[in-house]
Amino acid sequence: GTWSWEVANNVSVWDERYGELYGFEPGEPPSYERWLARVHPDDREQLWTRVQALMAPSADDSWSEEFRALHPVKGERWMMGLGRVERDCDGRARCFRGINLDITERKQAEHALRDSLRRMQEIAHVGHWIWDTATNTVVWSDEVYRILRVSPATFEPRIEALARLIHPDDVARIAPLVGPLVEGQV
């Protein structure tokens, strides 16, 4: 669905499809406030903050947000909002224009995939981890915590901590693998 919002006079326009995405009644007057009221309460402040940031004259001009909406009949829906901010000659936000897409099925598929991966790792007793060498942070799957018998609440996943968990007899064998990992050769 397509939409626009003229900031100065607070006039919103949206097409029929946009109204359907959010469950607005045909003929219901469009408004920024009505739209924001349909945004999930847990996502509302984040979006309001993003809109306020886009109002600044030096702000970016693109809008690309994923958020939940509460449809009166369909319940919680995931939306992707894409748009642009048109500015006046002083750089002030004059008009927001864009489209919204219902991405609920994609979000459900992503959630199902994560659940499936988690279950497969539990069954196979295989975990995975990602090491960001720039920040020296490690993200572990739940199964890695289980395999190593440590808790996410009490164990910080850093590469040094992982190194301390390696049996001393295995350090010499594993050490040569770290260099190519850091250099991106693996």
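A: Let's start with Arg106 and Glu110, whose side chains meet in a salt bridge, 3.1 Å from N to O. By salt bridge I mean a side-chain nitrogen of Lys or Arg within 4 Å of a carboxyl oxygen of Asp or Glu. Before going on, a word on the source: this is a predicted model, where local features need pLDDT of at least 70, side-chain atom pairs count only at pLDDT 80 or more, and totals for chains, interfaces and linings use all residues. Residues are numbered from 1 along each chain as its sequence is written, and side-chain values use heavy atoms, with hydrogens and water left out.

Back to our pair: Arg106 and Glu110 both sit in helix H4 (residues 104-124), 4 residues apart, or about one turn of the helix. Helices here are DSSP runs of H or I, at least four residues long, numbered from the N terminus. Arg106 is partly exposed, at 36% relative accessible area, and Glu110 is partly exposed too, at 29%. "Partly exposed" falls between buried (under 20% relative accessible area) and exposed (over 50%), using a 1.4 Å probe and protein chains only.

Arg118 is partly exposed at 32%, and Glu122 is partly exposed at 36%. The whole structure holds 18 salt bridges.

Technical notes
Helices (H or I, at least four residues) and strands (E, at least two) are DSSP runs, numbered from the N terminus.
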